[in-house]
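Thanks for coming. I will talk about helix packing first, and then about pockets and cavities. Please look at the structure on the screen.

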Amino acid sequence: MHRKDSPGFSTLAVRTGHRRTAEGEHSEPIFATSSFVFSSAAEAAARFAGNEPGNIYSRFTNPTVQAFEERLAALEGGEACVATASGMSAILSLCLGLLRVGDHIVSSRAIFGSTTMLFNNYLSRFGIAVSYVPLSDVAAWGDAIRPQTRLLFVETPSNPLTEMVDIRALAELAHSRECLLAVDNCFCTPALQRPLALGADLVIHSATKYLDGQGRCVGGAVVGGRKLVGEDVFGVIRTAGPSMSPFNAWVFLKGLETLELRMLAHARSAQALAEWLDAHRAVERIYYPGLASHPQYSLVGTQQITGGGILAFEVRGGREAAWRVIDATRMLSITANLGDTKTTITHPATTTHGRLTPEERAAAGISEGLIRIAVGLENVEDIEADLMLGLEAP
Ligand SMILES: Cc1ncc(COP(=O)(O)O)c(C=O)c1O
């Protein structure tokens, strides 16, 4: 059907950001250069003074990296995007660019472990305080906001328990109290959820996950408005240098081209696997947004298109039983990464959440029998058969 409005998601994912050079290349080139040459001293001076557009040095800008930034900005519906060396440096750059001594962050409790450590162990040294609240409880977010609060930070769905919050409600709250809302959109990607359209001010990515999609490179990004991201966060990247390498940007560009297809396939298999596990007698409890039993099931189909590609489940018998299931697998990859074509299986209590105290783990709902699966693109029957080896062991 002919579309008169803007191009569709996959068209943007395949086409945005590539300005063909005089060579006429079809695939985006990798600009493997640290600096750029000027035609004269006057041109160099004009570029450095910001009076003339153009590249200077790849810590500041690089055409391959810019192509990735333009493409991801288009997919998230943001005015600006800056690419970073990792997901963590995206979060650090956002905080350095937008916060100052005395500011306060309210964050959901269930966030990525390194993000918690960045907030607690490093930002605290520079006079930035953080309070944690239960993710889905919007009233608790409101109660935690202080006059000094500048940023609300959330991951939805959460890792590994897939808890969700109503982003629209949180954005309204943030703006009514003069705060910014940042959403880590690593689990859903813009193919399934677009936080900026729901009112968020900033989106964070670990491009390492689904944006790459094949577990090859580490990278990150911040997406949002021209001033906040294009100037304030970009200033940190340019000055402090956690920039993305052109080679990694090229890998992520290729990853974005198949993002929608992959995310829908990941989610389709995750839904089938969740239903299968839900009916299995060895499984005590399952966490997957696409099941009607999920507490925030009503947000699936409205806020995020599907349940996504990640699920967690508890087996009867605690750590021993969970390790037995993990160790019995022959095909699944025992690794903590996610968002790969290869299905990964993780025991959160002793890996991603292993540095928490037992009390902190209990408060976060991470039990010893919990297993997380980031469902890949193998045939789902083969994933089930691999899990069956441990689930049905005598
Ligand atoms: C939700 C989430 N945010 C951020 C990060 C950090 O990203 P990176 O490992 O690319 O620094 C991760 C990494 O696992 C993550 O899962």
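At what angle do helix H11 and helix H14 pack, and how far apart are their axes? Before the answer, a caution: this is a predicted model. The angle is about 30°, and the axes lie 10 Å apart. For orientation, H11 covers residues 259–278 and H14 covers residues 380–391. The crossing of H11 past H14 is right-handed. On the H11 side, the contact is made by Ser269, Ala272, Leu273, Trp276 and Leu277. On the H14 side, Val380, Ile383, Glu384, Leu387, Met388 and Leu391 take part. Sorted by class, this contact of H11 with H14 holds 9 nonpolar residues, 1 polar and 1 charged.

Now another pair. Helix H4, residues 87–98, packs with helix H5, residues 113–122. Their angle is about 30° and their axes are 10 Å apart. Angles under 35 degrees count as roughly parallel, so H4 is roughly parallel to H5. H4 also passes H5 in a right-handed crossing. H4 brings Met88, Ile91, Leu92 and Cys95 to the contact, and H5 brings Ser114, Thr115, Leu118 and Phe119. The classes here are 6 nonpolar, 2 polar and no charged.

H5 comes back here. The largest pocket has a volume of about 690 Å³. Its lining is made of 28 residues, and those nearest the centre are Arg109, Ile111, Thr116, His353 and Leu356. Two elements give two or more residues to this lining: H5 and helix H13, which spans 358–363. Which element gives the largest share? That is H5, with 6 residues. The lining of the largest pocket divides into 13 nonpolar, 11 polar and 4 charged residues.

The second largest pocket holds about 550 Å³ of space. It is lined by 22 residues, with Thr61, Gln66, Glu69, Gly230 and Phe234 nearest its centre. At least two lining residues each come from helix H3 (63–76), strand S1 (80–84) and helix H9 (226–240). H9 contributes the most, 5 residues. By class, the lining of the second largest pocket has 8 nonpolar, 6 polar and 8 charged residues.

Last, the cavities. How many cavities of 30 Å³ or more does a search of the whole structure find? The search finds 3.

The largest cavity has a volume of about 90 Å³. Of its 14 lining residues, Phe60, Thr61, Val65, Glu69 and Ala83 lie nearest the centre. H3, S1 and H9 are the elements that give two or more residues to this lining. H3 gives the most, with 3 residues. The lining of the largest cavity has 7 nonpolar, 5 polar and 2 charged residues.

The second largest cavity contains about 50 Å³ of space. Its lining consists of Pro157, Thr162, Phe187, Cys188, Pro289, Gly307, Gly308, Gly309 and Ile310. These residues divide into 5 nonpolar, 4 polar and no charged.

That is the end of the talk.

Technical notes
Residues numbered from 1 in each chain as written. Predicted model: local features only at pLDDT ≥ 70, side-chain atom pairs only at ≥ 80, totals over all residues. Heavy atoms only, no water. Axes fitted to C-alpha atoms, helices over the stretch in contact; angles between N-to-C directions. Helix = DSSP H or I, 4+ residues; strand = E, 2+ residues; numbered from the N terminus. Parallel < 35°, antiparallel > 145°, perpendicular 65-115°, else oblique. Left-handed = near helix turned anticlockwise from the far one by under 90°. Contact = heavy atoms within 4.5 Å. Nonpolar A, V, L, I, M, F, W, Y, C, P; charged D, E, K, R; others polar. 1 Å grid on protein atoms, 1.4 Å probe; cavity = no way out; pocket = protein on both sides within 12 Å on 5 of 7 lines; lining within 4 Å. Points joined across faces, edges and corners; volume = space filled by probe spheres on them.
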